[in-house]
Amino acid sequence: NLSPNIFLDSVDIRNFPQVTIELSTWTSSGLVLSNINAGDFVIQEDGGAGIYPTDLKINSLAPLSVVLVMDISGSMGGPPLEDAKQAANRFLEKMDPGDQVALIAFSDPVDTDPNQINPEREYPLVGNLEPIFDSIESLKAGGHTQLYNASTKAVNLLSDQPDGHRAILLLTDGINDPP
């Protein structure tokens, strides 16, 4: 049994004692929770008397955090890399404002530490996607396929992001082939 993720986005008290709360809420599978209502919540400050919301709004467009992991090993040279670039760009164009994307373009070596970003082909989670588009355009194929290290780094980059709204998109043509 997995716990839901519930984030309080806003509390509107302009018409107090009428109180409206807005939540971003989803299951660990990323599905929006729709079977909750205002009566399920109480707002309380420092142990004082509780205020019960009169209205609840569910924000179903909670932001995503995605790591785009692209294989740029030697076997990706030519059409495979061009196809991967095109697919990555189409994916990025579909992102919503507020979403964050990180990039790991990998061959070898790949440091699995999420704090060690290779500025030539990696970006941490960012909301401004222009540098990622530019980086994808400049990618060139070469080297071996450190798929496991790149996947581990992607998981590590997302470890502090909320369940249900984080994902890894992996574009590769092969298997782990470390030097």
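Against which strands and which helix do the buried residues of helix 1 pack? The views below, taken from a predicted model, begin with this element.

**View 1. Helix 1 and the elements packed against its buried residues.**
The buried residues of helix 1 pack against strand 4, strand 5, helix 2 (130–137) and strand 7. These buried residues are L81, A84, K85, A88, N89 and L92. Seen down the axis of helix 1, they fall within an arc of 135 degrees, so they line one face of the helix. The face turned away from this buried side carries the exposed residues P79 and E93. Helix 1 comprises 15 residues, and the distance from its first C-alpha to its last is 21 Å, close to the 21 Å expected at 1.5 Å a residue.

**View 2. The salt bridge between K85 and E82 in helix 1.**
The side chains of K85 and E82 form a salt bridge, with an N to O distance of 3.6 Å. Because the two residues are three places apart in helix 1 (residues 79–93), about one helical turn separates them. An α-helix has 3.6 residues a turn, so residues three or four places apart point the same way. K85 is buried, with a relative accessible area of 6%, whereas E82 is partly exposed at 45%.

**View 3. Helix 3 and its buried side.**
Helix 3 (residues 147–158) has twelve residues; from first C-alpha to last, it reaches 17 Å, close to the 16 Å expected at 1.5 Å a residue. Its buried residues are L147, A150, K153, A154, L157 and L158. They cover an arc of only 130 degrees around the axis, and are therefore on the same side of helix 3. These residues pack against strand 4, strand 5 (100–106), strand 6 (122–126) and strand 7 (166–171). S151 also lies in helix 3; S151 counts as partly exposed because its relative accessibility is 26%. The C-alpha atoms of S151 and I168 are 8.5 Å apart in space, while the two residues are 17 residues apart in sequence.

**View 4. The salt bridge between K153 and E122.**
The side chains of K153 and E122 meet at 2.7 Å, N to O, in a salt bridge. This pair links distant parts of the chain, with K153 in helix 3 and E122 in strand 6, 31 residues apart. Both K153 and E122 are buried.

**View 5. The salt bridge between R14 and D12.**
How many salt bridges does a search of the whole structure find? The search finds three, one of which joins the side chains of R14 and D12 at 2.5 Å, N to O. R14 is exposed, with a relative accessible area of 72%. D12, at 24% relative accessibility, counts as partly exposed.

Leaving aside neighbours within four places in sequence, D71 is in contact with M76, L81, F106, T145, L171, T172, D173 and G174. One of these residues, L81, is also among the buried residues of helix 1.

Key. Residues numbered from 1 in each chain as written. Predicted model: local features only at pLDDT ≥ 70, side-chain atom pairs only at ≥ 80, totals over all residues. Heavy atoms only, no water. Contact = heavy atoms within 4.5 Å. Helix = DSSP H or I, 4+ residues; strand = E, 2+ residues; numbered from the N terminus. Expected span 1.5 Å × (residues − 1). Buried < 20%, exposed > 50% of the residue type's maximum accessible area, 1.4 Å probe, protein only. Arc of directions from axis to C-beta. Salt bridge = Lys/Arg side-chain N within 4 Å of Asp/Glu carboxyl O.
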